[in-house]
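Below is a short report on a single protein chain. Please read it alongside the sequence and the coordinates.

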Amino acid sequence: MIENNESRPNPDLLLERAQREENAVHKGKLKIFFGAAPGVGKTFAMLESAQAKKAAGADVVVGVIETHGRAETAAKLTGLEILPRTTEFDLDAALKRKPELILIDELAHTNAKGSRHLKRWQDVEELLADGIDVYSTLNVQHVESLNDVVAQITGVIVRETVPDQVVELASEMELIDLPVEELIDRMKDGKIYVPEQAERALVHFFKPGNLNALREMALRRTAVHVDTNVVALRGEKTWPVAERLLLAIGPSPYAQNLIRATKRLATQWEAPWCVLYVETGAHASYSAAERERIQASLELAESLGAETAKIGGQSVAQSVLEFARMRNVTRIIVGKSPGSKLAGALLESSGEISVIALDGGGKLERPIRPRVSVPPGREIVEAFLWIAAATAIAMMMRETISQTNIVMVYLLAVIAVASRYSRETAIFTSILGVASFDFFCVRPYLTFAVSDVEYLLTFLVMLFVSIVISTLTVRLRNQASAAIERENRTQSLFRLSKELADVQRLYEVAESLAAIAAGVFRSGVNVFLPDAEGKLSFRRRLANGLLPPVQEEGVAQWCFDHGLVAGKESSTLPGATVRYQPLSVRGKCFGVFAIEEPPRDSEQVALLNALLAQAAQAMDRLVAREAARQAAVAAEGEQLRSSLLSAVSHDLRTPLTSIAGAASTLLDQRDQLGRERRDELLVSIGDESKRLNRLVGNLLEMTRLENGPVKLRLEWCSLEEIVGSVVDQMDDQFAGRELKVSVAPDLPLIEAEAQLLAQALQNLLENAVKYTPPASAIEVRAERAGSQLRLSVLDEGPGLPRGEEGRVFEKFYRGEDGGSRRGVGLGLAIVKSIVQAHGGQVAASNRPGHGAQFEILLPLKKS
């Protein structure tokens with residue numbers, strides 16, 4: 001039967017839905033009361049909804065409410081618990097109180113300096129992560145991706161924005177809407193702002209045209225949010241999405257506007273999108289401000305939910321197309337600017353990929369100053385000196401060599417300047433060189449007049465060649481600089497990778513990371529690792545010994561607990577003196593990296609992130625390896641337990657059964673049994689008790705020997721006495737056998753625990769009795785072997801199975817017919833442990849002819 005593929009669920013959507021449901025279990029829910037402008041009644045509606053929740057039995061707390069002096073809004077606070085606040089919302093108090101629902105007004109608000117987070121929406125994220133539901137309010141002009149559109153419509157730049165990914169966290173978005181006329185009437189009646197402020201607002205922001213546009217934007221944004229929820233709920237019946245967008249950016253000041261516009265297109269088309277920056281040879285000539293602008297643009301794209309990439313290449317257009325084809329991009333988006341040839345180059349070679357040129361215009365937060373085309377004074381002076389030197393040489397040779405060769409001298413000066421200074425300086429040198437050649441080397445001398453019109457062509461060609469050479473030289477120099485930067489990045493990553501290949505502990509990873517980072521970034525660094533309870537330890541000094549101030553230890557701990565960047569130049573606790581970055585991978589945090597002077601250049605930032613990611617992966621690998629080792633130990637322990645139960649169950653049950661049977665017979669038939677029969681049963685009980693005691697003793701002794709290093713009670717003892725006491729103790733077990741004891745005379749004393757050595761010998765003798773015929777002979781030898789004492793037990797039994805000589809000392813090994821023998825296979829294992837505890841060796845082998853031989857070698861010490 002052919003399946004209907006259209007009815008089959010999409011596995012990716014099923015996984016996404018499962019992850020969303022799992023996150024919903026552990027995280028709080030966010031509801032946003034969304035409006036087109038201040039005064040539409042967002043806070044009032046939020047308080048009404050909160051009162052209904054409280055009436056239904058929910059635990060509701062007011063975190064922050066801005067009433068702006070409106071009596072009707074303040075009246076809605078009646079009966080609601082309000083958290084005390086100082087300058088700002090008290091996040092720690094809210095987390096400690098942990099209500100079911102908390103009200104946080106004005107989601108886009110910027111917190112006061114010294115707060116944990118720069119923005120209030122970051123406080124909300126932490127509340128949600130702690131499982132607290134949040135109600136909040138937001139106006140459309142504060143949505144990050146709509147910021148530039150609002151600026152174009154209203155002429156007002158809104159500096160307090162909320163990232164789209166935070167807005168998309170909302171499980172519910174309720175649009176609070178008012179007709180424009182009614183909103184303006186409320187403004188005139190003083191229900192939104194005080195009279196003076198209301199008059200200014202009516203002239204600027206609250207114009208009917210602006211409000212209608214904002215109202216439409218709010219309706220559209222709410223519709224997109226509702227549509228996203230519908231798609232999520234109808235996951236099994238997916239709508240195919242073929243679009244995939246790619247935005248190519250550069251150092252343009254309008255790049256952030258293009259990113260916001262692409263975000264709006266991606267949302268409208270429900271398409272994934274990526275922002276790409278191609279690093280060419282020109283990158284090295286960019287100013288620090290331009291590099292920072294590129295990094296800021298990429299960070300903005302990430303905050304809006306885009307994938308970002310930075311690649312190297314000779315041609316921007318070719319690199320963009322290669323990347324687009326590799327990612328199955330359907331539409332490439334570029335900025336439309338005067339003089340740009342990128343869009344045309346892409347159209348010529350894009351093939352099936354569509355190219356969209358967007359206008360990146362709009363108001364900017366800060367005026368962008370054009371790059372200064374005039375070179376710095378020092379470069380001008382040195383350019384003059386190079387041309388002066390070339391002119392001096394030319395004047396000495398102008399009467400003896402052709403003017404073509406003199407032109408070469410000036411070209412050498414242009415190359416020398418271009419290889420050291422900026423492109424502008426090189427072009428200035430080219431023009432100066434042509435002028436000097438005309439003034440000093442072309443008749444009539446010392447004038448710009450020329451006697452032959454042909455010289456004009458010479459000047460033009462010379463200027464053209466000079467400019468081309470200077471441009472190519474600067475480009476090569478920039479490419480070389482970029483190559484050196486990439487080489488340095490690669491070397492740093494390779495060094496760290498090489499060091500991490502051999503590490504065995506997390507502390508060694510931290511040491512390697514700190515040492516390399518301190519050298520690369522020339523700043524104080526440290527790595528803090530958690531203890532067993534998840535608390536960071538601040539006692540260890542790595543690299544050049546950076547330790548955070550005591551008051552900042554909480555910042556580092558917060559960074560570890562939440563897996564987010566905090567501290568200096570970040571959006572969380574930026575007033576700290578140190579920057580703290582988590583060492584995390586796949587949602588697991590293994591430590592915190594601290595750096596005193598965080599890098600600002602985009603290349604350095606990327607290098608630092610790569611080093612931290614590599615270290616985090618190494619830590620993850622070590623933790624996984626340790627988990628695997630513990631799992632193997634646990635599995636081995638479980639196997640050992642199973643083997644022990646299997647081996648012991650029968651051998652414990654047999655003597656217990658014999659004892660129980662004999663005791664039962666004595667109790668039930670004590671009057672009928674004769675004396676001889678009673679004695680026989682009592683002897684059986686005694687023998688089986690001894691056997692059981694011996695078995696339990698072996699188990700306990702094996703446990704003691706296996707439980708860490710054995711602490712021996714050493715004393716000087718005689719091996720002859722030990723052999724004699726064991727033979728006397730086991731005399732009844734040698735009935736019907738010939739026992740030969742051979743102890744060499746004048747054996748030196750040995751430092752050992754006599755009781756343990758006696759047990760080892762007894763186990764060897766019991767093994768010989770158990771596995772040899774009843775009438776066979778057993779021999780015990782004690783002799784000196786160089787700097788050791790040798791204790792041997794020899795028998796005349798069938799010997800050991802070929803190839804099994806080394807296995808007889810393994811726990812629970814009982815030979816090929818061990819199932820018919822008594823014992824659990826621990827006797828020889830105990831022998832081995834005892835001998836090794838004394839620093840000796842034990843071995844087993846077959847004797848020539850027949851029989852087995854067991855040897856114990858013990859080191860001799862001077863008494």
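Predicted model: local features only at pLDDT ≥ 70, side-chain atom pairs only at ≥ 80, totals over all residues.

The cut-off for a buried residue is under 20% relative accessible area. Met-173 counts as buried because its relative accessibility is 8%.

Once neighbours within four places in sequence are set aside, the contacts of Met-173 are Ile-32, Phe-34, Val-167, Thr-222 and His-225.

## The parallel sheet

Strand β6 belongs to an open sheet of six strands, arranged in the order β3-β2-β4-β5-β1-β6 with parallel pairing. The edges are taken by β3 (81-82) and β6, each of which pairs on one side only.

At the β3 end of the order, β2 and β3 run parallel and are joined by two bridges. Val-61 has Glu-81 of β3 as its bridge partner.

## Helix α2

Helix α2 covers residues 42-55, a run of 14 residues. From first C-alpha to last, α2 reaches 20 Å, close to the 20 Å expected at 1.5 Å a residue. Just after α2 comes Gly-57, with a positive phi of about 105 degrees.

Which residues of α2 are buried? They are Lys-42, Thr-43, Ala-45, Met-46, Leu-47, Ser-49 and Ala-50. These buried residues pack against the strands β1 (30-35), β2 (60-64), β4 (101-104), β5 (133-139) and β6 (172-176), and also against helix α3 (71-75).

## The antiparallel sheet

A second topic is the open sheet of four strands in the order β12-β15-β14-β13, where the pairing is antiparallel. β12 (525-528) and β13 are at the edges with a single partner strand each, so one side of each has no neighbour in the sheet.

Strand β14 spans residues 579-585, and six of its seven residues are buried, so the rest of the structure largely encloses this strand. Its pairing with strand β13 (residues 566-567) is antiparallel, over two bridges. In that pairing, Ala-566 has Tyr-580 of β14 as its bridge partner, while Gly-567 stands opposite Arg-579 in β14.

Between β14 and strand β15 (residues 588-595) there are seven bridges, again in the antiparallel sense. β14 and β15 form a hairpin with two residues between them. Arg-586 is in the turn of this hairpin and has a positive phi of about 55 degrees.

## Helix α15

Helix α15 runs over residues 377-397 and has 21 residues. The distance from its first C-alpha to its last is 30 Å, close to the 30 Å expected at 1.5 Å a residue.

The residues buried in α15 are Glu-379, Glu-382, Ala-383, Ile-387, Ala-390, Thr-391 and Ala-394. What do these buried residues of α15 pack against? Their packing partners are two helices, α16 (403-418) and α17 (423-441).

## A nonpolar surface patch

Helix α18 (residues 454-500) contains Phe-464. The cut-off for an exposed residue is over 50% relative accessible area. Phe-464 counts as exposed because its relative accessibility is 55%.

On the surface, Phe-464 forms a nonpolar patch with Val-468 and Leu-472. Together, Phe-464, Val-468 and Leu-472 have about 280 Å² of accessible area.

## The chain as a whole

The chain has 863 residues, of which 43% count as buried. Its secondary structure consists of 25 helices and 22 strands.

The accessible surface of the chain is about 45400 Å², and carbon and sulfur atoms account for 53% of that area. Among contacts in the chain with a separation of 6 or more, 69% are between residues 24 or more positions apart.

Note on methods
Residues numbered from 1 in each chain as written. Heavy atoms only, no water. Patch = residues over 30% accessible without salt bridge, like charges linked within 9 Å, V, L, I, M, F, W, Y side chains within 5 Å. Areas by Shrake-Rupley, 256 points an atom, 1.4 Å probe, with all protein chains shown as cover. Salt bridge = Lys/Arg side-chain N within 4 Å of Asp/Glu carboxyl O. Buried < 20%, exposed > 50% of the residue type's maximum accessible area, 1.4 Å probe, protein only. Expected span 1.5 Å × (residues − 1). Contact = heavy atoms within 4.5 Å. Pairing = 2+ DSSP bridges.
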